[in-house]
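Here's a quick briefing on a few side-chain arrangements. Have the viewer open while you read.

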Amino acid sequence: PEERWEAGQVWAHIAEFVPYWHGQLRTVIAEYDGTPVAFGRTKADPGRIAAIEVGRAEPIADHMERTTEAITQLKRDIGAFTPAEWNAVGVHPTRGELDVEAILERFIVEHLEEHADQLDSLG
């Protein structure tokens, strides 16, 4: 079932997941030797759940600032990826094998869009 969150929870999650998935991209790139690299987590991950719970009481402005910084770092990093780095492949526990571009698209870009829609629906 779809999770129902308040704005503080959504922002806590966004501020946590952008750097998390950026780190996962770096791990896949660093460890890729032709064999897909295990990466990622599922919704049941205790670290993910804890970050949302702890962060829900923090000011949204703080989450927004951390998110902006994380996206700036991510953009800088991906702008320097080589073709070989873009072609690195990871294997996620539920989504299977994905190259770096697909990881970026699914776990960061689409994920941000989903939560932006969620925030819009909260009013």
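The side chains of Glu 16 and Arg 41 make a polar contact at 2.6 Å. Keep in mind that this is a predicted model. From that contact we'll move on to the aromatic rings.

**Around Glu 16 and Arg 41**
- Glu 16 sits in helix α1, which covers residues 7-31.
- With a relative accessible area of 17%, Glu 16 counts as buried because the cut-off is under 20%.
- Setting aside neighbours within four places in sequence, Glu 16 touches Arg 41, Arg 48 and Ala 51.
- Arg 41 also lies over the face of Tyr 20, 3.8 Å from the ring centre.

**Aromatic pairs**
- Searching the whole structure turns up five aromatic pairs.
- One of them is Phe 39 with Phe 107: the ring centres are 5.9 Å apart and the planes meet at 85 degrees, so it's edge-to-face.
- That pair ties together distant parts of the chain, 68 residues apart: Phe 39 is in the loop between β1 (37-38) and α2 (46-55), and Phe 107 is in helix α5 (residues 100-122).
- Both partners are buried, Phe 39 at 4% relative accessibility and Phe 107 at 7%.
- Phe 81 and Trp 86 also pair up edge-to-face, with centres 5.1 Å apart and planes at 70 degrees.
- Here Phe 81 is buried at 12%, whereas Trp 86 is partly exposed at 24%.

Conventions:
Residues numbered from 1 in each chain as written. Predicted model: local features only at pLDDT ≥ 70, side-chain atom pairs only at ≥ 80, totals over all residues. Heavy atoms only, no water. Helix = DSSP H or I, 4+ residues; strand = E, 2+ residues; numbered from the N terminus. Buried < 20%, exposed > 50% of the residue type's maximum accessible area, 1.4 Å probe, protein only. Polar contact = N/O pair within 3.5 Å; in protein donor to acceptor, adjacent residues only side chain to side chain. Contact = heavy atoms within 4.5 Å. Phe/Tyr/Trp six-rings, centres within 6.5 Å; stacked < 30°, edge-to-face > 60°. Lys NZ or Arg CZ within 6 Å of the ring centre and 35° of its normal.
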